[in-house]
Amino acid sequence: ISHIPAVQAPADSANLPTAVDLAFIVDTYHHIPNRVDYFRKLSASLKVGGRVAIVDFKPESTMGPPKEFHFTAEKISEELRQAGFRHIEKLNFLPEQQFFIFSK
């Protein structure tokens with residue numbers, strides 16, 4: 001898909017070259033070491049009305065990283081709230097993962 005560039009980024013920065021409408025983070029939330037700081041920085045890379053979608057493993061999932069890296073919905077929502085985001089939706093169609101949408 002030519003109009004959606006993939007960006008490789010280090011764990012402490014989204015490394016986005018321009019502002020975006022949506023940051024989509026899949027199965028990597030648990031790899032971000034300082035999540036509140038990371039998402040505060042990411043906020044500056046979102047356009048007005050921009051959103052963040054996070055898909056990561058449910059606490060009870062048998063897949064993914066070790067259990068200590070499976071976060072509850074409350075923990076993810078609280079970290080994003082601390083970073084200045086508002087939880088707007090949780091989707092429940094994935095069997096092993098949780099799917100959240102936040103706005104800035």
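Predicted model: local features only at pLDDT ≥ 70, side-chain atom pairs only at ≥ 80, totals over all residues.
## The largest pocket

Two elements, β1 (20-26) and α1 (35-43), each contribute at least two residues to the lining, and the largest share, seven residues, is that of β1.

## The sheet

The strands β1, β2, β4 and β3 are arranged in that order in an open sheet of four strands, in which the pairing is mixed. Because β1 and β3 (86-91) each have a single partner strand, they stand at the edges of the sheet, and one side of each is left without a neighbour there. From one strand to the next, the twist averages 20°.

Strand β2 (residues 46-57) and strand β4 (residues 97-103) run antiparallel and are joined by seven bridges; in this pairing, F57 of β2 stands opposite Q97 in β4. The pairing of β3 with β4 is also described as antiparallel, and extends over five bridges, with L91 having F99 in β4 as its bridge partner. These two strands, β3 and β4, form a hairpin in which five residues lie between them.

## Helices against the strands

Helix α1 packs on the sheet, where it touches β1 and β2, and its direction makes an angle of about 145° with that of β2. As noted for the pocket, α1 also supplies at least two residues of the lining, as does β1, so that both the sheet contact and the pocket lining involve this helix and this strand.

Helix α2 (residues 73-82) lies across β2, β3 and β4, and runs at about 20° to β4.

When its neighbours within four places in sequence are left aside, S61 is in contact with K67, H70 and E96.

Notes
Residues numbered from 1 in each chain as written. Heavy atoms only, no water. Pairing = 2+ DSSP bridges. Axes fitted to C-alpha atoms, helices over the stretch in contact; angles between N-to-C directions. Contact = heavy atoms within 4.5 Å.
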